[in-house]
Amino acid sequence: MSSPEIASLSWGQMKVQGSTKTYKDCKVWPGGSRDWDWRETGTEHTPGVQPADVEEVVKKGVQTLVIGRGMSEALKVSPSTLEYLEKQGIDVRVLQTEQAVKEYNALVAQGVRVGGVFHSTC
């Protein structure tokens, strides 16, 4: 099962191939996608993406995880998240969201088992 491509991205909205939903922030993995609701883990721009934010995607068996930090890169990534991903043997790419989506889609096209967490505003 492959990861769905990000079909479109603009400020505050993302479309994922195979989903009729428009996301503001989303998680994607081989075979699926869903809203990324920061309230579930208490995530804020600082300290940023928590291990609990990426755990669900990692459990889907991804080799690579792409993290989109927002259009202006306001979203940080907690050092504990990077440590968690390293311990899991996951290749991680942390980029500005437009660049992150390009990287993610390129990895999908290469057949990599890739997942992502993307923030589409600030």
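Two strands are said to pair if DSSP finds at least two bridges between them. Helices (H or I, at least four residues) and strands (E, at least two) are DSSP runs, numbered from the N terminus. The model is predicted, so to speak of local features a pLDDT of at least 70 is required, while side-chain atom pairs count only at pLDDT 80 or more and totals for chains, interfaces and linings use all residues. Residues are numbered from 1 along each chain as its sequence is written, and side-chain values use heavy atoms, with hydrogens and water left out.

## The three-stranded sheet

Strands β1, β2 and β3 form an open sheet in the order β1-β2-β3, with antiparallel pairing. β1 (6-10) and β3 (22-23) are the edge strands, each pairing on one side only. Strand β2 (residues 13-16) runs antiparallel to β3 and is joined to β3 by two bridges. Lys15 has Thr22 of β3 as its bridge partner. Helix α3 lies across β1 and β2 and runs at about 170° to β1. Such angles run from 0 to 180 degrees between N-to-C directions, the axes being lines fitted to C-alpha atoms, for helices over the stretch in contact.

## The five-stranded sheet

A further open sheet is formed by five strands in the order β5-β4-β8-β6-β7, and its pairing is mixed. β5 and β7 stand at the edges with a single partner strand each, so one side of each is left without a neighbour in the sheet. From one strand to the next, the twist averages 10°.

Strand β4 (residues 25-29) pairs with strand β5 (residues 32-35) in the antiparallel sense over four bridges. Val28 has Ser33 in β5 as its bridge partner. These strands, β4 and β5, form a hairpin with two residues between them, and Gly31 in the turn has a positive phi of about 95°. β4 also pairs with β8, again in the antiparallel sense and over four bridges. Here the bridge partner of Lys27 is Val117 in β8. Helix α3 packs on the sheet, touching β4, β6, β7 and β8, and its direction makes about 165° with that of β8. Contact means heavy atoms within 4.5 Å.

## Helix α2

Which residues of helix α2 (residues 79-87) are buried? They are Thr81, Tyr84 and Leu85. Seen down the axis of α2, these buried residues fall within an arc of 95°, so they line one face of the helix; the arc is that of the directions from the helix axis to the C-beta atoms.

The face of α2 turned away from the buried side carries the exposed residues Pro79, Glu86 and Lys87. What covers the buried residues of α2 includes α1 (51-58), β6 (64-68) and β7 (91-95). Just after α2, Gly89 takes a positive phi of about 75°.

## Aromatic pairs

Rings of Phe, Tyr and Trp (its six-membered ring) pair if their centres lie within 6.5 Å; planes under 30 degrees apart count as stacked, over 60 as edge-to-face and the rest as tilted.

| Pair | Arrangement | Centre to centre | Angle between planes |
|---|---|---|---|
| Trp36 and Trp38 | tilted | 5.7 Å | 50° |
| Tyr104 and Phe118 | edge-to-face | 5.5 Å | 80° |

The pair of Tyr104 and Phe118 links distant parts of the chain: Tyr104 belongs to helix α3 (residues 97-109) and Phe118 to strand β8 (residues 114-119), 14 residues apart. Tyr104 counts as buried at 0% relative accessibility, and Phe118 likewise counts as buried at 0%.

## Cysteines

A disulfide is taken to be a pair of cysteine sulfur atoms within 2.5 Å. How many disulfides does this rule give? The count comes to zero. Cys26 is in no disulfide, and the nearest cysteine sulfur, that of Cys122, is 15 Å away. Cys26 is buried, with a relative accessible area of 0%, whereas Cys122 is partly exposed, with a relative accessible area of 24%.

Methods
Buried < 20%, exposed > 50% of the residue type's maximum accessible area, 1.4 Å probe, protein only.
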